[in-house]
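Here is a short report on one protein chain.

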Amino acid sequence: MLTTASEPLMLTAHGAQIPALGFGTSPMTGSMAASEMVAALKAGYRHIDAARKYGTERVVGEGMRASGVPRKDIFLTTKVSHENLHAADFTQSVDASLKALGTDYVDLLLVHWPNPEIPLAETMPALAKAKQQGKARHVGVANFNITLLDQAIKLCPEPLVCLQAEYHPYLDQSKILAALRQRGMAFVAYCPLGRGRLFNDPTLNEIAQSRGKSIAQIALRWLMQQGVGAIPRSSNPQRIADNFKVFDFTLSDDEMKRISALKRADGRIANPVERVSGGWD
């Protein structure tokens, strides 16, 4: 569910309140500087998305502290990678993340990818345990199809509040979005700008020009209006700030339909299919 009582928009699910627009910290290429975190928090972001696999948790923590924004005002996510889903490894990964981030807890802890070699029956209780021990306020999963999601829900003693998955105008995620709505879960989109693939799109460019907005702002607003969160990533302070400016306009129904029509069969970017039993929905 998406609420608009205050800006920025908030996603609500099973007691969690997640700022809909977050800042991604996957380094993509090279490294990440703490100054990027400071720029994001200065621009207004309060949802920060990290992961053990990214190798940026230490810098994320440094940037959070340097920003001067109180820890309680930041919604911090991190993830446990697919090779660490055995119970003992899971616990060690969470503890390493907290130490690197320099915090006693994260607001959302996710299983980063499923792993067909490690049963969810072992992983999901370990995820729940992190919440029960106060190391995570909320828990969820990333990159699960609907079948795996339902297995995870059944096997987890704590409610799953969120699925994080790839979503942008070139990738049709209507089926998974409908499933999440039915289950009362939030959807947070990574790669919301298609890793730059959207920036030369004629339709998005036309809408952006008519609105006096950037293509990035149009694509992010398209997600917001579906009740979907997004975690764009940039190392450029001006783009970081510009990407946050999506709360002062509304796309029309026609514009929403035109953008949704851009979906394509080869739209998926992150696609290690061997990790997702049964394939994508």
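Ser-93 is buried, with a relative accessible area of 5%. Buried here means under 20% relative accessible area, exposed means over 50%, and partly exposed lies in between (1.4 Å probe, protein chains only). Ser-93 belongs to helix 3. Leaving aside neighbours within four places in sequence, Ser-93 is in contact with Arg-52, Val-80 and Asn-84. Contact means heavy atoms within 4.5 Å.

The model is predicted: local features need pLDDT of at least 70, side-chain atom pairs count only at pLDDT 80 or more, and totals for chains, interfaces and linings use all residues. Residues are numbered from 1 along each chain as its sequence is written, and side-chain values use heavy atoms, with hydrogens and water left out.

Thr-12 also counts as buried, at 18% relative accessibility. Thr-12 sits in strand 2 (residues 10-13). Thr-12 and Gln-132 are 120 residues apart in sequence, and their C-alpha atoms are 20 Å apart in space.

Next, helix 4. Helix 4 covers residues 120-132, and its end C-alpha atoms are 18 Å apart. Which residues of helix 4 are buried? They are Leu-120, Thr-123, Met-124, Ala-126, Leu-127, Ala-128 and Ala-130. An α-helix has 3.6 residues a turn, so residues three or four places apart point the same way. After helix 4 comes Gly-134, with a positive phi near 85°.

The cover over the buried residues of helix 4 includes these elements:

| Element | Residues |
|---|---|
| Helix 3 | 87-101 |
| Strand 7 | 106-111 |
| Strand 8 | 136-142 |
| Helix 5 | 146-155 |
| Strand 9 | 160-166 |

Now the whole chain. It has 10 helices and 11 strands. Helices (H or I, at least four residues) and strands (E, at least two) are DSSP runs, numbered from the N terminus. Along the principal axes, the C-alpha atoms fill a box of roughly 55 × 45 × 40 Å. Buried residues make up 54% of the 281. Among contacts between residues at least 6 apart in sequence, 74% join residues at least 24 apart.

Notes. The expected span of a helix is 1.5 Å times one less than its number of residues.
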